[in-house]
Amino acid sequence: SDWDEARQAWNLTADQHPSAVAFVESADDVVQVVRFAGEHGLKVAGQGTGHGATALAPLDDAILVKTERMRGIDVDADARTARVEAGVLALELGEAAGQDGLCSLPGSSPDVGVVGYTLSGGVGWLGRRYGFACNRVTAIELVTADGEPRRVDADNDADLFWALRGGGGGYALVTAL
């Protein structure tokens with residue numbers, strides 16, 4: 001009964017028509033969905049907040065993996081770092097970092113997803129002074145197309161790490177930064 005709401009993006013002009021929608025709550029959930037899709041000949045498309053101006057296309061024979069329920073945030077004030085799961089919003093990270101007198105590299109909207117914003121380049125108000133958000137990422141946790149969870153960084157699969165940071169384009173389903 002809530003199919004139209006489940007398939008909807010934040011941007012209501014994006015009319016998405018996947019075969020199924022999976023609301024994942026952990027990286028393990030993502031692994032299971034990707035493996036299920038592979039076993040059943042389905043494609044997989046990931047979506048955080050769905051702020052994009054157009055619908056993900058095509059979604060025929062695809063499971064839309066929505067990460068909006070993955071809201072874990074861990075701020076390490078001493079290291080001046082944070083680990084954020086794929087569904088965390090900019091406002092949530094800003095509030096968590098602010099408790100320790102820190103700040104993230106936000107964009108112009110508090111309700112945009114941190115992962116989507118960051119991996120799309122992350123050009124924000126503080127960019128001139130502190131750089132783009134994508135250039136501040138130290139590691140990316142993801143699930144590959146064959147359902148394997150991985151952590152990539154400058155020393156472990158540097159090419160994929162580079163491609164994900166601002167390169168766009170569906171290389172894997174990111175579960176955390």
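## Salt bridges and strands

The model is predicted: local features need pLDDT of at least 70, side-chain atom pairs count only at pLDDT 80 or more, and totals for chains, interfaces and linings use all residues. Residues are numbered from 1 along each chain as its sequence is written, and side-chain values use heavy atoms, with hydrogens and water left out.

A salt bridge is a side-chain nitrogen of Lys or Arg within 4 Å of a carboxyl oxygen of Asp or Glu. By this rule there are nine. The table lists some of them.

| Asp157 | Arg150 | 2.6 Å |

Glu148 lies in the loop between strand 6 and strand 7 and Arg35 in helix 2 (residues 27-39), so the pair ties together parts 113 residues apart in sequence. Glu85 is buried at 19% relative accessibility, while Arg83 is partly exposed at 32%.

Helices (H or I, at least four residues) and strands (E, at least two) are DSSP runs, numbered from the N terminus; two strands pair if DSSP finds at least two bridges between them. Three strands form an open, antiparallel sheet in the order 7-6-8. Strand 7 (149-153) and strand 8 (173-176) each have a single partner strand, so one side of each lacks a neighbour in the sheet. Five bridges join strand 6 (residues 139-143) to strand 7, with Ile140 partnered by Val152.

Note on methods:
Buried means under 20% relative accessible area, exposed over 50%, partly exposed in between (1.4 Å probe, protein chains only).
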